[in-house]
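The sequence and the structure are shown first.

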Amino acid sequence: MVDRRAFFKKLIPSKEESSPLYLRPPYFNDLNTFEKECINCEEKSCAFACPEKIIVIEAKGTPILNFNKSGCTFCQECAIACKKNVLTIENEKAINAVFLINKDKCMAHNKSICFSCKEPCIEDAILFEGLFNPIIDINRCNACGFCYNRCPSNAIEFIIKEAE
Ligand code: SF4
Ligand code: SF4
Ligand code: SF4
């Protein structure tokens with residue numbers, strides 16, 4: 001059983017944190033290598049390889065994920081394309097985020113019937129109490145992001161995890 005208090009405490013960035021936290025593509029070993037290697041990567045081949053077009057290059061030149069239109073299928077294409085070993089298929093297929101449902105915004109937490117987030121979740125990580133009160137099971141959710149753009153009330157949110 002995950003100790004939820006300890007788990008979320010670990011996710012809160014420290015006050016000394018100087019650079020912003022970014023949502024990174026999967027298959028990384030060390031979050032710090034994005035800043036070290038990607039800025040000088042001329043090809044940015046991870047972004048071109050992604051069939052879902054969810055990898056975008058931010059202003060400094062490092063890849064970040066954008067779930068506004070789609071999610072990650074963990075197809076490995078970004079890792080295969082990366083020649084600097086920032087992403088490799090040997091690494092766990094993790095995305096550095098924890099997803100949750102904002103109960104104030106969620107219609108199913110406010111007496112309306114809505115299952116929009118449940119259908120795209122192939123991990124079956126969104127658990128309802130009957131017709132209402134959905135929560136995301138953090139032990140099942142793989143942070144793929146497919147539920148994110150499906151919520152009509154923008155109630156799906158995520159917390160970005162900092163480097164270990
Ligand atoms: S291909 Fe690899 S090194 Fe280049 S931007 Fe993408 S993750 Fe970084
Ligand atoms: S695993 Fe596939 S879908 Fe996911 S970010 Fe990489 S290329 Fe895109
Ligand atoms: S981010 Fe989590 S809850 Fe949302 S679709 Fe993916 S696995 Fe399911």
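## Ligand 1

Which residues surround ligand 1? Its shell consists of Cys38, Cys41, Lys44, Ser45, Cys46, Pro63, Cys82, Lys84, Val86 and Leu87, where a residue counts as near a molecule if one of its heavy atoms lies within 4 Å of it. By class, this shell holds 7 nonpolar, 1 polar and 2 charged residues. Here Ala, Val, Leu, Ile, Met, Phe, Trp, Tyr, Cys and Pro count as nonpolar, Asp, Glu, Lys and Arg as charged, and the others, Gly among them, as polar.

## Basis of the model

The model is predicted: local features need pLDDT of at least 70, and side-chain atom pairs count only at pLDDT 80 or more, while totals for chains, interfaces and linings use all residues. Residues are numbered from 1 along each chain as its sequence is written, chains are lettered from A and ligands numbered from 1 in the order in which they are written, and side-chain values use heavy atoms, with hydrogens and water left out.

Ligand 2 has 14 residues around it, of which Cys50, Cys72, Thr73, Cys75 and Cys78 are the closest. The shell of ligand 2 comprises 10 nonpolar, 2 polar and 2 charged residues.

## Overall fold

The chain contains 4 helices and 6 strands; helices (H or I, at least four residues) and strands (E, at least two) are DSSP runs, numbered from the N terminus. Along the sequence these elements follow the pattern α-α-α-β-β-α-β-β-β-β. Of the 164 residues, 41% are buried, that is, under 20% relative accessible area, with exposed set at over 50% and partly exposed in between (1.4 Å probe, protein chains only). Among contacts (heavy atoms within 4.5 Å) between residues at least 6 apart in sequence, 68% join residues at least 24 apart.

Strands E4 and E5 (residues 132-136) pair in the antiparallel sense over 3 bridges, pairing being assigned if DSSP finds at least two bridges between two strands. Leucine 127 has isoleucine 135 in E5 as its bridge partner. The hairpin of E4 and E5 has 2 residues between the strands, and glycine 130 in this hairpin takes a positive phi near 65°.

## Nonpolar core

The largest nonpolar core has 39 residues, and Ile55, Leu87, Ile95, Phe99, Ile126 and Ile156 have the most contacts inside it. Such a core is a set of buried Ala, Val, Leu, Ile, Met, Phe, Trp, Tyr and Cys residues joined through side-chain atoms within 4.5 Å. At least two residues of this core come from each of helix H3 (45-49), helix H4 (77-81), strand E3 (97-101), strand E4 (126-129) and strand E6 (156-160). E3 gives the most, with 3 residues. Because domain 1 (22-95) and domain 2 (99-160) both give residues to this core, it lies between them; the domain bounds come from an automatic or database domain assignment.

## Individual residues

Not counting residues up to four places away in sequence, isoleucine 95 touches Leu23, Arg24, Pro26, Leu65, Phe67, Cys72, Phe74, Ala143 and Cys144. Isoleucine 95 and lysine 161 are 66 residues apart in sequence and 8.9 Å apart in space, C-alpha to C-alpha. Lysine 161 lies in the segment after E6 and, at 28% relative accessibility, counts as partly exposed.

Threonine 88, in the loop between H4 and E3, is buried, with a relative accessible area of 15%. Apart from neighbours within four places in sequence, threonine 88 is in contact with Tyr27 and Ala79.
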